[in-house]
Amino acid sequence: MQQIFYTTATPEEYQRIGKNFPFPVPDSCPNPECLIKVPPQKHSFYERNIIDTNFCGRILIRRYYCKHCGKTISYLPSFCLPYFQYTVEIIIDGVFTPDKLSPATFYLLSQKRLVYTLLNSFYQILSAEAFFMAK
Ligand SMILES: [Zn+2]
């Protein structure tokens, strides 16, 4: 499962700090079918792509494992959206102020069916309960 944690770090800062980033440390399992009051164990990292107005690269995602329910929990920084490479900021800019995007980013997005991708992503932001709850 994926949890989103709030951070003011930019994607560049987050990438630079890497494994030393102050990731949230859960004190209980967030799986609604478990919720055991035992801290899940650290369970390595995975890499994912992130595309922002000034950044395009790979970042580390902290994972935990609950040995009671067997679920793996990934902690995404708040500039990420689950399953999307684009940051929240770039999607909102792309929907409301596409002229703010750099030509390179605009070209990149246009290769990915710009309007469909941005609107679909924006609706996912609005409906992502986890996004609003994870503050
Ligand atoms: Zn659990």
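Here are some friendly notes on the predicted model shown above.

1. **Ground rules.** This is a predicted model, in which local features need pLDDT of at least 70, side-chain atom pairs count only at pLDDT 80 or more, and totals for chains, interfaces and linings use all residues. Residue numbers run from 1 along each chain as its sequence is written.

2. **Confidence.** Confidence is highest in helix H1 (residues 11-17), at a mean of 95, and lowest in helix H5 (residues 129-133), at 51. Please keep H5 in mind when you look at the end of the pattern below.

3. **Overall layout.** The protein chain has five helices and four strands; these are DSSP runs numbered from the N terminus, helices being H or I of at least four residues and strands E of at least two. Along the sequence the pattern reads β-α-β-β-β-α-α-α-α. Of the 135 residues, 19% count as buried (20 or more other C-beta atoms within 10 Å of the residue's own; exposed means 12 or fewer, partly exposed lies in between, and C-beta atoms are placed from the backbone). Among contacts with a separation of 6 or more, 62% join residues 24 or more positions apart; a contact means C-beta atoms, placed from the backbone, within 7 Å.

4. **The sheet.** Four strands make an open sheet with mixed pairing, in the order S1-S4-S3-S2. Strand S1 (2-5) and S2 are the edge strands; each has a single partner strand, so one side of each lacks a neighbour in the sheet. From one strand to the next, the twist averages 30° (axes are lines fitted to C-alpha atoms, and angles run from 0 to 180 degrees between N-to-C directions).

5. **Strand pairings.** Strands pair if DSSP finds at least two bridges between them. S1 runs parallel to strand S4 (residues 72-77), with four bridges, and glutamine 2 has serine 74 of S4 as its bridge partner. S2 and strand S3 (residues 55-65) are antiparallel, with ten bridges, and they form a hairpin with two residues between them.

6. **Glutamine 41.** Which residue of S3 is the bridge partner of glutamine 41? The partner is tyrosine 65; the two are 24 residues apart in sequence, yet their C-alpha atoms are 5.1 Å apart in space. Glutamine 41 belongs to strand S2 (residues 41-52). Leaving aside neighbours within four places in sequence, glutamine 41 contacts Tyr64, Tyr65 and Lys67.

7. **Positive phi values.** Two residues other than glycine deserve a look at the backbone here. Leucine 35 has a positive phi, near 60°, and sits in the loop between H1 and S2. Serine 44 also has a positive phi, of about 65°, but lies in strand S2. Why does leucine 35 count as exposed? Leucine 35 does so because it has 12 C-beta neighbours inside 10 Å. Serine 44 is likewise exposed, with 12 C-beta neighbours inside 10 Å.

8. **Lysine 100.** Lysine 100 is in the loop between helix H2 (88-96) and helix H3 (103-111). With 13 C-beta neighbours inside 10 Å, lysine 100 counts as partly exposed. Lysine 100 and isoleucine 90 are ten residues apart in sequence, and 9.4 Å separates their C-alpha atoms in space.

Terms used
pLDDT is the predictor's confidence in each residue, from 0 to 100. Two residues are in contact if their C-beta atoms, placed from the backbone, lie within 7 Å.
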